[in-house]
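Biologist: Could you pick a single part of this model and take me through it closely? I'd like to know what pairs with what, and what packs over it.

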Amino acid sequence: MRRSRNQEWLLAAGVATGTIALFSGAVGLLRERSISSEVLLAIIATGIGVAFTLVATKSILTTRVIPTRIAIGGSHGVGKTIYANVVATRLAESDSDLLRFTPETLTAQHTYLVLKELRAHRFPSKTPTSNIDRYRGTVELLRQSPASRLLQGRIAIELELGDSAGELWDEIADTADLRSAPLIESSFFEYVGESSALLYFIPADTMKEDPEGVADQVDDLRSTLQILRSIDPERGGLLSKPVAVIVSKADLLEPQELQAVRNTLGSSVSDFDPAILDPRFRASIERLEHLTILLSRQVCAYRGFAISALSAAKVHSTVPDPLIRVEEPIEWVIREVLRS
Ligand SMILES: Nc1nc2c(ncn2[C@@H]2O[C@H](COP(=O)(O)OP(=O)(O)O)[C@@H](O)[C@H]2O)c(=O)[nH]1
Ligand SMILES: [Mg+2]
């Protein structure tokens, strides 16, 4: 059963009006002196009690379903498809005490096969430009406050991760005349526009080898944000979708490089001398810095993560390693969606 927050307020207003009516009736009866005040008070208390119990029971029995669609974006070869499969698997296997993810059968079957292949070092083939692969399931919140439970009922999130070909993302960025482009009418663009959040991938290998490539990817995200802001409801001039920047393949980074990435993304703060970095990597870090400044000016909620989907796919131990916490960006998006 679905019920919106508006309906809940309507219900509460109904109960309040009923209570006032009960009071007025009681006062009328007392004036007529046809009934003793103790009996009347008992009737009123019972009436209010029954009304509140009804509201509470209805709320508790209700499940509020929040559809949450996350677009996974970035150029080709940055690790989107492997991430989508690994994160769906990790979410389902996770023993998190915050949320439980139950994948749809098709998603579970698909990710099982892909993970089996990955563990045998066989990588998924290139995502065709014609389709968007959707990974779906339901997320239950395991820790919902009693007040929220009473007011909103049980919250369930219908999660969908959309993975598409990198070429389509490049095409968005290359689209100079935004409005006249055929792409804007395509189902792909509709998908990105209607998503609740965007995860944008920049891979560690490009950061190490090709700072200009990083600059291009930053420009691509800039253009994507520009289009989204032109078609999306904005809050105070900012894009209302949460955007996460994911530095993928972080297993390829040296410890000091990983530290520099974390400092830049704001996920850690440590004393660090960038001079010890390779000049090419330092140039990439500067591009990443520009991106964080751009995001802080353009979007309501922004976070950066460094992850390694391949490490997460192979590691079975429960030793906490920040690189393999691939589900962190999804948990962050869910928190942001619930907050809005
Ligand atoms: N070292 C490393 N390589 C990765 C990782 N994820 C993906 N790759 C490599 O990047 C290639 C492209 O990945 P894929 O997910 O298909 O990229 P997509 O084009 O963005 O969907 C894979 O074939 C892997 O070789 C990772 O976590 N670590
Ligand atoms: Mg792909």
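Modeller: Let's start with one pair: the bridge partner of Thr-138 in E4 is Glu-158. Before going further, this is a predicted model, where local features need pLDDT of at least 70, side-chain atom pairs count only at pLDDT 80 or more, and totals for chains, interfaces and linings use all residues. Residues are numbered from 1 along each chain as its sequence is written, while chains are lettered from A and ligands numbered from 1 in the order in which they are written.

Back to that pair. Strand E3 (residues 133-141) and strand E4 (residues 154-163) run antiparallel to each other over eight bridges, and Glu-140 sits opposite Ala-156 in E4. Strands here are DSSP runs of E with at least two residues, helices are runs of H or I with at least four, and both are numbered from the N terminus. Two strands pair if DSSP finds at least two bridges between them. Strands of a sheet pair through backbone hydrogen bonds, either parallel or antiparallel.

E4 also pairs with E1, this time in the parallel sense and over 10 bridges; there, Ile-66 has Ile-157 of E4 as its bridge partner.

Put together, that is an open sheet of seven strands with mixed pairing, in the order E2-E3-E4-E1-E5-E8-E9. Strand E2 (99-103) and strand E9 (302-306) are the edges; each has a single partner strand, so one side of each has no neighbour in the sheet. From one strand to the next, the twist averages 25°. For angles, axes are lines fitted to C-alpha atoms, for helices over the stretch in contact, and angles run from 0 to 180 degrees between N-to-C directions.

E5 deserves a stop of its own. Seven of the seven residues of this strand (residues 197-203) are buried, so E5 is largely enclosed by the rest of the structure. Buried means 20 or more other C-beta atoms within 10 Å of a residue's own, with C-beta atoms placed from the backbone. Ala-197, Leu-199, Phe-201 and Pro-203 point one way and Leu-198, Tyr-200 and Ile-202 the other, all of them buried.

Now for what lies over the sheet. Helix H3 (residues 80-93) lies across E1, E2, E3, E4, E5 and E8, at about 155° to E4. Helix H13 (residues 328-339) lies across E1, E2, E3, E4, E5, E8 and E9, at about 130° to E1. Within H13, Ile-330 is buried, with 23 other C-beta atoms within 10 Å. Leaving aside neighbours within four places in sequence, Ile-330 is in contact (C-beta atoms, placed from the backbone, within 7 Å) with Ile-70, Val-87 and Leu-91. The C-alpha atoms of Ile-330 and Ile-70 are 8.4 Å apart, although 260 residues separate the two along the chain.

Ile-246 and Ala-309 touch the most other members among its 66 residues. Not counting residues up to four places away in sequence, Ala-309 touches Gly-79, Ile-82, Tyr-83, Val-86, Ser-248 and Val-326.

Finally, ligand 1. Of the 19 residues around this ligand (C-beta atom, placed from the backbone, within 6 Å of it), Gly-79, Lys-80, Thr-81, Ile-82 and Phe-123 come nearest. H3 and helix H12 (309-314) are the elements that give two or more residues to that shell, and the largest share, three residues, is from H3.

Conventions. A residue is buried if 20 or more other C-beta atoms lie within 10 Å of its own, exposed if 12 or fewer, and partly exposed in between; C-beta atoms are placed from the backbone. Two residues are in contact if their C-beta atoms, placed from the backbone, lie within 7 Å. A nonpolar core is a set of buried Ala, Val, Leu, Ile, Met, Phe, Trp, Tyr and Cys residues joined through C-beta atoms within 7 Å.
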